[in-house]
Each structure stands twice: as C-alpha cells, then as structure tokens.
Amino acid sequence: MLFQYFVDVVPTEVNTFLSRLTTYQYSVKDHERHIDHHKGSHGIPGIFFKYDMSALKVQVTQERDSPIQFIVRLCATISGICVISGFVNSFVQFVINVLKCKYIKKPQHNVRMEKLQITAESLTHASVSLLHQNEPPTNIQPVDLTASVLKSPDIITSHTLHT
C-alpha cells in the first residue's frame, strides 16, 4: 500500500485587544493506493508526507467601533423598534375597529333632527309641537322660557325682548 498525505501550512497572526498570537493553520489531504506490480500498478509502498508552506500570511485582527458609532447604532436600533411597534399598534387598532364595526351591530333608532326657530314672542304666545303627521297627537303643555332668555342674553343674541 502507498499512503500519501499532502499538508498545506499557512502562517497566521491573531491580534486581539489583550494579546497577540502567532500560529499556523493546517490543511491535510490523504490518498492511498494499492500497489501490485503484476497488474500494472507501480510505486514504492510506504507512508509519504508532502508539505507545502504558503507564501502568504493570514492576519486576523479584532476591532471595535468608536463610542460615537456605538451610540448612533444603539439609537438607530431603539428608534427602529419604536417605529415598528407603532406600525404594529396602528395596524392592530385598525383591525379591531374594522371588526367592531362589522360584527357588533349597534341598535339604530329613527331620530329626526329638525331646526326650530324660536323667538321670545313665540315662547310667550304659542306652544311648540314636535309631533310628526303620522304620530298620534299627545298633550304638550307650553313652557314659559322667557325668564331664562332674559337671564342669559348669549343664548339668543339676534332678538330683543319686548315686555
């Protein structure tokens, strides 16, 4: 049997903040072959090591960012988290509002809003009826609101009272 080992050696220098280390990296490949001179396989049986020393040196250095770069990256990360959480919050609120409007039916009342022009004279001489034509008539008593109009002139500013 013929055993061949091909060893590649690369010098390496490692620089950290606390130390400096010079070492080597190895790469090994192996090959084996059966030698039989009667079948045409020639060679010398044995174990062979072939070394290849690399002409290039690998340098590994550990570096840190400056404190200002660290602070900028930290602020960018925190603000990014805040922005994304705001987007998620807005989306969840939107979905909740859509689901509330779609699945929770609010009771609907038929309410009619009508504008009435009320003057001080109409308050003293006639009663106001808010009944519609299709509703049965009810007894509504007139209310005297002239005292409240006299006390608060800001309620009705365009009319003057004649008593």
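Predicted model: local features only at pLDDT ≥ 70, side-chain atom pairs only at ≥ 80, totals over all residues.
Helices (H or I, at least four residues) and strands (E, at least two) are DSSP runs, numbered from the N terminus. Residues are numbered from 1 along each chain as its sequence is written, and side-chain values use heavy atoms, leaving out hydrogens and water.

**Exercise 1.** Find how many helices and strands the protein chain has, and their order.

Solution. 
- Step one, count: there are three helices and four strands.
- Step two, read from the N terminus: the elements run β-β-β-β-α-α-α.

**Exercise 2.** Decide whether Met1 is buried, partly exposed or exposed, and list what Met1 touches.

Solution. 
- Step two, recall the cut-offs: buried means under 20% relative accessible area, exposed over 50%, partly exposed in between (1.4 Å probe, protein chains only).
- Step three, apply them: Met1 has 39% relative accessibility, so Met1 is partly exposed.
- Step four, look for contacts (heavy atoms within 4.5 Å): leaving aside residues up to four places away in sequence, Met1 touches Glu32, Arg33, His34, Ile35, Pro45 and Gly46.
- Step five, check a distance: Met1 and Arg33 are 32 residues apart along the chain, with 5.8 Å between their C-alpha atoms.

**Exercise 3.** Classify Ile84 as buried or exposed.

Solution. 
- Step one, locate Ile84: this residue sits in helix α1 (residues 67-103).
- Step two, use the value: Ile84 counts as exposed because its relative accessibility is 52%.
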